Amino acid sequence: MKILSIQSAVAYGHVGNSAAVFPLQRIGVEVLPVYTVNFSNHTGYGAWRGPLIAPDDVREVITGIEERGVLGQIDVVLSGYQGGEGIADVILDAVARVKRANPDAVYACDPVMGNAKSGCFVAPAIPVLLRDRVVPAADIITPNQFELGFLTETEPSDLASTLAAADLARASGPRTVLVTSVERPDRPDDTIEMLAVTDDGAWIVQTPRIPMKANGSGDVAAALFTAHFRTTGDAAAALARTTSSVFDLLQATHDSGERELRLVESQEFYAHPRLQFEVARVR
C-alpha cells in the first residue's frame, strides 16, 4: 500500500506527518509525506518557529511526485491539520489527480478543528471550508465528537445522536466515519469510546480514559484506521486494531511522564496490537 499523506510536520514531538508516518511504515505501508508546515514544535506549546508552507510550494511537491509517474500507485490520500485556507484547494486537486490515475484510490480526511474542552484552535475559515468543500470530497473522515457536531450542525452527545450525526456526515459524501472520541452520559466513569460507521453497520469500542492530553494521538488513530480499513475492508477489525495500538501508545506515554507521544518506543503496538478491547456492533 502507498499513502500520500499531506499534513503538518514538526521537528520536536509528534503531530501531523510526524505522528502518522512512522506507525504506517511500521505496519508495512509506503508513505509519501508532503508537508504543509515545518514547525519546531506543535502549537499547543503557545510558541513555535518555522514556516507555514505556501500552497503553491505544496502543489509543486505534489507535481514533482506526479512527474515521477507514481500517482497511479497511490491507494490513499490522507490529510490532517490545515494551517491556512489555501491548502484545501491543493489537497482537493491532489485527490482529483490521484483518482484520475487510480480510480480505486480513496481520500481520507481528518477534519482537524478542535475539541470540546479547547474549542476550535484553527483559523476561523477552516471549519467552514472543511464542512462545505473538503469533507464532501472524502471517502473516509475521522472527526472527534466535537468536530462531527460542527460538520453536521448538530450536538451529538449520546449514542443515538452520534450515530445520527455520523449518518448526516455520510450523506454529505464520505461513506465511512470514524468518531475518535465518543463521550456519552451512560458510559462508565473514566472510559472513552471510538465509533466506526459504514454502509455495512456501526461498531463501538470502549477503553479506559488515560488522564492526559496527548497531541498527535488523533493523527495516529486516523492513519492506522485508514490503513487497516483500506487493507481489510472490515471496519470492526480496523477499529479493534487501531484502538488497541493507540491505547497502548497513550499508556506508554502516560507511564513515561513525558508530554510528547512515545511514538518510537511503542512501535510493537502498531505491528502487533494486543486486541485487548471488545468491539460491539451497535447497528
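Mentor: Start where helix α5 meets helix α6. Q145, L148 and T152 in α5 touch T162, A165, A166, L168 and A169 in α6. Contact here means heavy atoms within 4.5 Å. Helices (H or I, at least four residues) and strands (E, at least two) are DSSP runs, numbered from the N terminus. This is a predicted model, in which local features need pLDDT of at least 70 and side-chain atom pairs count only at pLDDT 80 or more, while totals for chains, interfaces and linings use all residues. Residues are numbered from 1 along each chain as its sequence is written, and side-chain values use heavy atoms, with hydrogens and water left out.

Now the geometry of that pair. The axes of α5 and α6 are 9 Å apart and form an angle of about 55 degrees. Axes are lines fitted to C-alpha atoms, for helices over the stretch in contact, with angles from 0 to 180 degrees between N-to-C directions. The two helices are therefore oblique to each other. The cut-offs are under 35 degrees for roughly parallel, over 145 for roughly antiparallel, 65 to 115 for roughly perpendicular, and oblique for the rest. The crossing of α5 and α6 is left-handed. That word applies if the near helix is turned anticlockwise from the far one by less than a right angle; clockwise gives right-handed.

Next, α6 itself. It has 13 residues, 159-171. At 1.5 Å a residue it should span 18 Å, and its end C-alpha atoms are 18 Å apart, so the two agree. The expected span is 1.5 Å times one less than the number of residues.

Which residues of α6 are buried? They are L159, T162, L163, A165, A166, A169 and R170. Their arc around the axis is only 160 degrees, so they lie on the same side of α6. The arc is that of the directions from the helix axis to the C-beta atoms. On the other side of α6, A160 and A171 are exposed. Buried means under 20% relative accessible area, exposed over 50%, and partly exposed in between (1.4 Å probe, protein chains only).

What covers the buried residues of α6? The cover includes α5 (145-152) and the strands β7 (140-141), β8 (176-182), β9 (191-198) and β10 (201-208).

Take T176 from strand β8. T176 has 5% relative accessibility, so it counts as buried. Leaving aside neighbours within four places in sequence, T176 is in contact with D139, I140, I141, V197, T198, F225 and F229.

L168 belongs to helix α6. At 46% relative accessibility, L168 is partly exposed. Not counting residues up to four places away in sequence, L168 touches T152 and T154. Its C-alpha atom is 38 Å from that of E67, a residue 101 places away along the chain.

Look at both ends of α6. In the loop between α5 and α6 sits E153. Its phi is near 55 degrees, a positive value in a residue other than glycine. Most residues other than glycine have a negative phi. E153 is exposed, with a relative accessible area of 66%. Just after α6, G173 has a positive phi of about 155 degrees.

L275 lies in the loop between α9 (267-271) and β11 (279-281). With 47% relative accessibility, L275 is partly exposed.

For comparison, take another helix pair. Helix α3 (residues 87-101) and helix α4 (residues 125-134) pack at about 25 degrees, with axes 11 Å apart. That makes α3 roughly parallel to α4. Their crossing is right-handed. A88, D89 and L92 in α3 meet L129, R133 and V134 in α4.

Finally, helix α1, residues 17-26. Seven of its ten residues are buried, so α1 is mostly covered. Those residues are N17, S18, A19, A20, V21, P23 and L24. Their cover includes β1 (2-10), β2 (30-39), α7 (217-232) and α9. After α1 comes G28, with a positive phi near 95 degrees.

Q267 is in helix α9. Q267 is in contact with F22 and R26, leaving aside neighbours within four places in sequence. Q267 is partly exposed, at 27% relative accessible area.
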